[in-house]
Amino acid sequence: YIGDAGAGGAATPVPIASFINSTGRVGIGTTSPAQLLSVAGNGYFTGNVGIGTNNASYDLNVEKSDVAGVVDLRVNNSDNSNTSSGARIISSVAGSGSGDPRFVLSVTGVTEYNLGIDNSDSDKFKIGSGSDPSAGTNFLTINTSGNVGVGTTSPSALFTAQGAIGL
């Protein structure tokens, strides 16, 4: 905060946009930054945001190069007092005329697997190879009636399998 001398000459605290404390910590929206950069309140970004990279090629690009290390992305609700508490990661698209909401697991340059909703095939939930539920090889399909298909994208009964089954 900085003082603003009003008409009577008395200093009135006025919030400033950013604050640097004596240890070099920067606060945006706070005068007591807990880390090197502390932001209190909502933020708005245009363009790509990089964490661990200065060359973000995705909307949110998190990178880490650490031998035998793991890149962690955690969504956690620490409230354990209410059964309504939860944590969600949501992948969504605008509507039936748009693309497929999906998650992709990838070994770069080797293989990819996807799980998601195939918006172009009656909103079926699919697990398959590649990065797109509407392309690649489909391994498992669940239609909107709850029918499960293995090796087929058109399960006609509660469980439908195409190909040899080993039991």
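**Notes on the model**

1. Tyr58 counts as exposed, at 55% relative accessibility; the scale used here calls a residue buried under 20% relative accessible area, exposed over 50% and partly exposed in between, with a 1.4 Å probe and protein chains only. Tyr58 is found in the loop between β6 (49–51) and β7 (60–62). Its contacts, leaving aside residues up to four places away in sequence, are Asn48 and Val49, where contact means heavy atoms within 4.5 Å. Tyr58 and Asn48 are 10 residues apart along the chain, and their C-alpha atoms are separated by 5.8 Å.

2. A word on the basis of these values. This is a predicted model, in which local features need pLDDT of at least 70 and side-chain atom pairs count only at pLDDT 80 or more, while totals for chains, interfaces and linings use all residues. Residues are numbered from 1 along each chain as its sequence is written, and side-chain values use heavy atoms, with hydrogens and water left out.

3. Of the 167 residues of the chain, 15% count as buried. The accessible surface of the chain comes to about 12,500 Å², and carbon and sulfur atoms account for 53% of that surface; the areas come from the Shrake-Rupley method with a 1.4 Å probe, and for residues only the protein chains shown count as cover. Among contacts in the chain between residues at least 6 apart in sequence, 7% join residues at least 24 apart.

4. Strands β3, β4 and β5 make an open sheet of three strands, in the order β3-β4-β5 and with mixed pairing. The edge strands are β3 (18–20) and β5 (37–39), each pairing on one side only. From one strand to the next the twist averages 15 degrees, taken between axes that are lines fitted to C-alpha atoms (for helices, over the stretch in contact), with angles from 0 to 180 degrees between N-to-C directions. Two strands are said to pair if DSSP finds at least two bridges between them. β3 and β4 (residues 26–28) pair in the antiparallel sense over three bridges, and Ile20 stands opposite Val26 in β4.

5. A second open sheet has six strands, in the order β8-β9-β10-β11-β12-β13, again with mixed pairing. β8 and β13 stand at the edges with a single partner strand each, so one side of each has no neighbour in the sheet. The twist here averages 10 degrees from one strand to the next.

6. β8 and β9 run antiparallel and are joined by six bridges; Ser106 stands opposite Glu112 in β9. β10 and β11 pair in the antiparallel sense over four bridges, with Gly128 opposite Asn138 in β11. β11 and β12 also run antiparallel, joined by three bridges, and the bridge partner of Ile142 in β12 is Val148. These two strands, β11 and β12, form a hairpin with five residues between them, and Gly146 in the turn has a positive phi of about 95 degrees.

7. Which residues form the nonpolar patch on the surface? They are Val75, Ile89, Phe103, Leu105, Tyr113, Leu115, Ile117, Phe125, Ile127, Phe139 and Ile142, with about 910 Å² of accessible area together. Patches are made of residues with over 30% relative accessible area and no salt bridge; like charges are joined within 9 Å, and nonpolar side chains (Val, Leu, Ile, Met, Phe, Trp, Tyr) within 5 Å. A salt bridge is a side-chain nitrogen of Lys or Arg within 4 Å of a carboxyl oxygen of Asp or Glu.

8. β8 (102–107), β9 (111–118), β10 (124–129) and β11 (138–142) each supply at least two residues of the patch. The largest share, three residues, comes from β9. Ile117 lies in strand β9 and counts as partly exposed, at 34% relative accessibility.

9. Not counting residues up to four places away in sequence, Thr152 touches Thr141, Thr160 and Gln162.
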